[in-house]
Amino acid sequence: MTGRYEFVVIGSGPSGRRAAIQAAKLGKSVLVIEGRMKVGGVSVHTGTIPSKTLRETALNLSGWRERGFYGRSYRVKKEIGSQDLSIRLGKTLDYEVDVLEHQFLRNGVSTMAGFARFLDANRLVVTSPDGSELIVEGERFLIAVGTVPFHPDNIDFSDPDIMDSDQVVDVPRLPRSLTVVGAGVIGIEYATIFSALDVAVTVIEPRTSFLDFVDREIIDEFVHQLRDRGVAFRLGAPVDKVEKGADGRVLTTLRDGRVVRTDMLLYCAGRMGATADLGLDNCGLTTDVRGRLSINPETYQTDVAHIYAAGDVIGFPSLASTSMEQGRIAACHAFGLPLPPAPAFFPYGIYAVPEISTVGMSEQEVRDRGINYETGIARFRETSRGHIMGLEQGLMKMIFSNKTRRLLGVHIIGEGATELIHIGQAVLNLKGTIDYFIENTFNYPTLAEAYKIAALDAWNRMAR
């Protein structure tokens, strides 16, 4: 049995679904193949949506946002268990899947459950859940399979007390202490979520620094807040071995000899492109050691011109937001639709507790380029809205050119950072200056007032 389509998308995560819908809107016959029984990919089932839902649940049940008023001992729910975390997650995931299925149906996108493997550059064999096989022919393909957690050989992931970043969304119980290996975005997000639930967290990172793409002043503030909450950092030493102690606790031994003892371990040190079983050698493609595909960054074409790749499978920045745009661009290019140049700046969002979001250049990047600049700082507690919300921490940092007065970068840590950043993003892409923030009116009371406060702080020191 065979089927033929103008556009075949392997994977239904952010890049896959956006590409499929874009191609369908152009009147093309589109098939989306998804290895799971339900559409959505890693983003919906184990990644973006579950982790952010878990974060919101933890903040609500723990009363985290109200502790500025009522003290650190304040709780909305005294005893929080894994079932409390899973109830909201189940409802959210069902909703996300329903919305996505409706989008596919409304746009005439066909879907198929099964695992795809290339037979040659224009044919796939799809193995369905019942074991039957179907040959699919395509004129153009998009590989949007995402990633899977990296599992080193010296760690036993069959142990229920040792989890990877996909398994943690179904954590069987809430531990009293947790080791997080890997201080990348995923590791830091989960470390701080569990810390907000009053779990004692130790973060292990083989490098001496982490989140290096974020402005260092923001990271310094972040680390200060986490240490104040009791989060321990073990930087500059890789993990040598992980084993179970006589008391049932997980013993993590570092190469420098230190041992961390906790109830559970969460391993977040790297992910691999989910390309191992795609039969890429049959269509003329190869991957790097992490299973990732190389592409033309303007068109998202692989080395085989009619096969595109987008999303986490191509590596950095591995954001749901950028993956969506990559998928759209790939579909448009595949069918000859002209594209405007991509915006110069897009935001990064780290859904830790507290949130971090950044757009534009960091202070170090500005210095490295030899730009004459000035910075302005606003602390959320300086705003009336911050007082109303009981915020004791959180800040916004803005960077401006002394010569042109243009905004160069915005960096935020604290409540609502990932929402607030879009004002800075718009001004950056429109080549706006410090005058925009000084001369315009912001709603009062809001955290967005921080833009005016930070701009005035910079303006007070700028050469005039």
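User: What do buried and exposed stand for here?
Analyst: Buried means under 20% relative accessible area, exposed over 50%, and partly exposed in between, with a 1.4 Å probe and protein chains only. At 11% relative accessibility, Cys 268 therefore counts as buried.

User: What kind of model is this?
Analyst: The model is predicted: local features need pLDDT of at least 70, side-chain atom pairs count only at pLDDT 80 or more, and totals for chains, interfaces and linings use all residues. Residues are numbered from 1 along each chain as its sequence is written, and side-chain values use heavy atoms, with hydrogens and water left out.

User: Is Cys 332 buried or exposed?
Analyst: Cys 332 counts as buried because its relative accessibility is 0%.

User: Changing topic, where does Thr 358 lie?
Analyst: Thr 358 lies in strand β19, residues 356-360. Helices (H or I, at least four residues) and strands (E, at least two) are DSSP runs, numbered from the N terminus.

User: Why does Thr 358 count as buried?
Analyst: Because its relative accessibility is 4%.

User: Which residues does Thr 358 touch?
Analyst: Leaving out residues up to four places away in sequence, Thr 358 touches Phe 346, Pro 347, Tyr 348, Val 410, His 411 and Ile 421; contact means heavy atoms within 4.5 Å.

User: And which residues of helix α13 are buried?
Analyst: In α13 (residues 449-459), these are Glu 449, Ala 450, Tyr 451, Ala 454, Ala 455 and Ala 458. Among the elements that they pack against are β20 (373-379) and α11 (417-429).
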